Amino acid sequence: MLSVRQVSGGYAGNVVLRDISFDVKKGELFGILGPNGSGKTTLLKMLSGILPIQSGEIMISGQKLQLFSTKQLAKMVAVLSQHSSQSFSYTVKETVSLGRYAHQKGFFQTWSKEDEDIVQRVMNQTGISSFKDKNIQELSGGEKQRVFLAQALAQEPEIFLLDEPTNHLDLSYQKELLDLLKKWTTDNKLTVISIFHDLNLAGLYCDRLLLLDKGGVNINHIPNEVLREERIRDVYHTEIQKHPHPKVACPQMVLLPNSYEEVKNIEINESMLMIDNEIIKLSSPMPLRTMSSGVMGAGTGWYQTFINRHVDKTYNCSDHRMEMALFLRSKGIEPSETVGMMTAVFLEDVACHLIKQDDFSIFVVITAGVGNAIDASKSELHSLELIPGTINTWIFVNGELTEEAFIQSIMTATEAKVKALHDLDVLDPVTGTLATGTSTDSILIAATQIGKKLEFAGTITPLGKLISNAVYKCTTEAIQKSKKRKQI
């Protein structure tokens, strides 16, 4: 659809872009990225014909850009600039109608039913019909942006050029605009080429990305390749980390503020633990990066308070998350900042240990009983019963964990727990075979993310050895305490 070959150019003899080459296919949403001064807007002006190129060539549908007449180009290419302005006091509808100029025929430029239908449609699509008779000078920046978007869409172009289209728009209209553009690329085969400052929006919506740096092409590729941590750090000169989007297969970037590096090292230990007959509570002086299977705070996140709550074995609730949230609030604890678990064992039977290496440490807290022990290999012989958790394992790491280390920590802790159950001859009461856990075990891995970087947590790694040791000892001790209580 559009081909750029070895294009160079700029302003008044000043070369801003050098040797730029790329292709954009019909129906693509193509994003242009780069720091301020990298040449993004200059490139867009060249693609629109506003700024002449000094060398190279730009082809649209196989024809050189400079061979199109102004009216022919207006039918092919629509432009929404970053700072669209309107010097005349037109109404919204009149402003949008200007987009049909290139399609007007005859000396008197007659207005057709087709023109009217298209203007009405794009006003509906951009959400501006409700104020179509309003003077454009009375609108907010975001409303004006949507009017000029509608004007550009009214041209029915084959190529749509946008310079930071979400400028002035709130979150809901950013999403609506980009959803609309994505739909037009799919349904109408509209080719969209847009400058983005927001890397995350570009990663979410674009099919491919062109990253400019100092007037040249750094990379032209799919978002997952362009949005690499090391590349973005080098081009934008800032600390950033890449994470997958939680719902769609798109890369997302997060900034790391300077305050992140200023946080002092802390040690999570027994001094932060409070135990009574109703809850075990650990209060961290700072949020911890957490992966858990708790009733509250399940999954990954940052949490500062950790609760293990005793409930009766007969506990039954249709909405245990809501009930847990109400319970936490009754204790003055904010649920959104808390990982919360439930257990039917007596909390005074808890076992905890702090184990230190030279440059990192872990603190493990475990409550355990074996009343509903299960052999996982024979679980099909059991019926589903949602009873309170029995073996709840907390592992706090005073160090920085990678994503691999979080997952491996869970694996290593599980292996150590199973070994403790085997050595204690804990049996599945239904099958009579050795148990591997209980039916509702829960686990938590939380890290300060400060100090030594711990890349792995397999059983023979330094971190894995500490986890294996502490989880085995604490599980054994907690089960023995629980058994002893039953014998009394």
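**Figure 1. Aromatic pairs in the predicted model.** The count of aromatic pairs comes to four. One of them joins W394 and F396: the ring centres are 6.0 Å apart and the planes stand at 85 degrees, so this pair is edge-to-face. The cut-off for that label is a plane angle over 60 degrees. Ring pairs join W394 and F396 with F306 and F363 in a cluster.

**Figure 2. Arginine side chains over phenylalanine rings.** Two such arrangements are shown. R309 is placed over the face of F327, 3.9 Å from the ring centre. R289 is placed over the face of F406, and here the distance to the ring centre is 5.9 Å.

**Figure 3. The nonpolar cores.** The largest nonpolar core has 45 residues, and the members that touch the most others are L33, V96 and F160. Helix α5, residues 141-154, provides the largest share of this core, with seven residues.

**Figure 4. Surroundings of F160.** F160 is among the residues of the largest nonpolar core that touch the most other members. With neighbours within four places in sequence left aside, the contacts of F160 include A78, V79 and L80, together with L149, A152 and L153. Further contacts of F160 are L181, L190, T191, V192 and I193. M76 is 84 residues away from F160 in sequence, yet the two C-alpha atoms are 8.5 Å apart in space.

Figure 5. M76 belongs to helix α2, which spans residues 70-76. Its relative accessible area is 12%, so M76 is buried; the limit for that class is under 20%. Setting aside neighbours within four places in sequence, M76 is in contact with M1, I60, S61 and F68, and also with P157, E158 and I159.

**Figure 6. Helix α1 and the residue after it.** Helix α1 covers residues 40-48, and seven of its nine residues are buried, so the helix is largely enclosed by the rest of the structure. The buried residues are K40, T42, L43, L44, M46, L47 and S48. Just after α1 comes G49, with a positive phi of about 85 degrees.

**Figure 7. Two non-glycine residues with positive phi.** Most residues other than glycine have a negative phi. S61 is not a glycine, but its phi is positive, at about 50 degrees. S61 sits in the loop between β4 (55-60) and β5 (63-64). With a relative accessibility of 48%, S61 counts as partly exposed. H237 lies in the loop between α9 (229-236) and β11. Its relative accessible area is 63%, so H237 is exposed.

**Figure 8. The largest pocket.** The volume of the largest pocket is about 580 Å³. Its lining consists of 21 residues, and those nearest the pocket centre are Q241, H243, E400, E403 and Q449. At least two lining residues come from each of β11 (240-244), β12 (251-255), β21 (400-401) and α12 (403-423). Of the elements, β11 gives the most to this lining, with four residues.

**Figure 9. The largest cavity.** One cavity of 30 Å³ or more is counted. The largest cavity has a volume of about 60 Å³. Its lining is made up of Q125, T126, R146, L149, Y173, E176, L177 and L180. Helices α5 and α6 (171-187) each contribute at least two lining residues, and α6 supplies the largest share, four residues. L149, one of the lining residues of the cavity, is also in contact with F160.

Technical notes
Residues are numbered from 1 along each chain as its sequence is written. This is a predicted model: local features need pLDDT of at least 70, side-chain atom pairs count only at pLDDT 80 or more; totals for chains, interfaces and linings use all residues. Side-chain values use heavy atoms; hydrogens and water are left out. Buried means under 20% relative accessible area, exposed over 50%, partly exposed in between (1.4 Å probe, protein chains only). Rings of Phe, Tyr and Trp (its six-membered ring) pair if their centres lie within 6.5 Å; planes under 30 degrees apart count as stacked, over 60 as edge-to-face and the rest as tilted. A charge sits over a ring if NZ of Lys or CZ of Arg is within 6 Å of the ring centre and within 35 degrees of the ring normal. A nonpolar core is a set of buried Ala, Val, Leu, Ile, Met, Phe, Trp, Tyr and Cys residues joined through side-chain atoms within 4.5 Å. Contact means heavy atoms within 4.5 Å. On a 1 Å grid over the protein atoms alone, a cavity is a set of points where a 1.4 Å probe fits but cannot get out, and a pocket is an open set with protein on both sides within 12 Å along at least five of seven lines; lining residues have an atom within 4 Å of a point. Grid points are joined across faces, edges and corners, and a volume is the space filled by probe spheres set on the points.
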